[in-house]
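This report looks at one pair of packed helices and at one residue in a loop. Keep the sequence and the 3D view open while reading.

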Amino acid sequence: MAKKEIKKGQHQEEHDHDLLENPEAIADSLGKGEAFLKKNSRVVGGIIIVGILVIAGILYFQFDKANKDKQAQADMFQAVYYYEQDSLGLALNGDGVNDGFLTILDDYSGTNSANLAHFYTGSIYLTQGEFQKAVDHLEEFSADDFFVQAKAYSLLGDAHMELGQTSDAISAYEKAANFKENKFFTPMYLNKLAIAYEAAGQVDKAISTYGKIEKNYPESYEFTLARKHKARLEGLASK
């Protein structure tokens, strides 16, 4: 068996050597390639064209999206200013000259700016008491930023609580509290989560959540509240 494999290897090396050293062998090999291309020219040409179109489409999409996002950022500037000034109606609907967040969502769908507009829009609807609309927009928002994304989860939880959807609120608050934990905002989200647990009748989980604030965030504003409500719930649970 070994001799056969050696002979086979030697034969292959000799064949490769012939291709390198023998111009006629090279010409014969190239001729076969040319014959294949001639015979299948339409297929090969079609594959090349499709490849070019796919690449061109991807490049155009990226270029178009970048241009749209740049324009959307410029259009959002005034809407964000109105939002920060508490002129929420103007921020949402525009002022007749400058677009509001709703128009930006329609005109620049799929861009980073439209994604951020969902956050602002959901926040505004929550303030205005349009809780289901708030849910719809906040669920469309996503980001990696630890402040904005966690805030969006928290607002989503608030909207669900207002709608009486305690289970969904708990899920949203859990996401807010667990998203890149930090000493600045996590205690606030844990406090909301504990309140939601209590509202759902899950007293043990509420006590545990208050305990987490008490243990891990002693310097937070929520620390004193957590100790107070934890003691209250423990008293109720012991009766």
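## Terms and model

Helices here are DSSP runs of H or I with at least four residues, numbered from the N terminus. The model is predicted.

## A serine in a loop

The loop between α11 (203–216) and α12 (222–238) contains S220. Is S220 buried or exposed? Residues under 20% relative accessible area count as buried. S220 has a relative accessible area of 14%, so S220 is buried.

The side chain of S220 reaches the backbone oxygen of Y217 at a distance of 2.8 Å. Leaving aside residues up to four places away in sequence, S220 touches P187 and I213.

## How α7 and α8 pack

Two packed helices are described by the angle between their axes and the distance between the axes. For helix α7 (residues 131–138) and helix α8 (residues 146–162), the angle is about 150 degrees and the axes are 9 Å apart. Because angles over 145 degrees count as roughly antiparallel, α7 is roughly antiparallel to α8. The crossing of these two helices, α7 and α8, is left-handed.

## What meets at the contact

On the α7 side, the contact is made by F131, A134, V135 and L138; on the α8 side, by A152, L155, L156, A159, H160 and E162. These residues of the contact of α7 with α8 divide into eight nonpolar, one polar and one charged.

## Buried residues of α7

Which residues of α7 are buried? They are A134, V135, H137 and L138. The cover over the buried residues of α7 includes α5 (101–107), α6 (112–127) and α8.

Definitions and conventions
Residues are numbered from 1 along each chain as its sequence is written. This is a predicted model: local features need pLDDT of at least 70, side-chain atom pairs count only at pLDDT 80 or more; totals for chains, interfaces and linings use all residues. Side-chain values use heavy atoms; hydrogens and water are left out. Axes are lines fitted to C-alpha atoms, for helices over the stretch in contact, and angles run from 0 to 180 degrees between N-to-C directions. Angles under 35 degrees count as roughly parallel, over 145 as roughly antiparallel, 65 to 115 as roughly perpendicular and the rest as oblique. A crossing is left-handed if the near helix is turned anticlockwise from the far one by less than a right angle, and right-handed if clockwise. Contact means heavy atoms within 4.5 Å. Ala, Val, Leu, Ile, Met, Phe, Trp, Tyr, Cys and Pro count as nonpolar, Asp, Glu, Lys and Arg as charged, and the others, Gly among them, as polar. Buried means under 20% relative accessible area, exposed over 50%, partly exposed in between (1.4 Å probe, protein chains only). A polar contact is a pair of N or O atoms within 3.5 Å; within protein, one must be able to donate a hydrogen and the other to accept it, and residues adjacent in sequence count only if both atoms are side-chain atoms.
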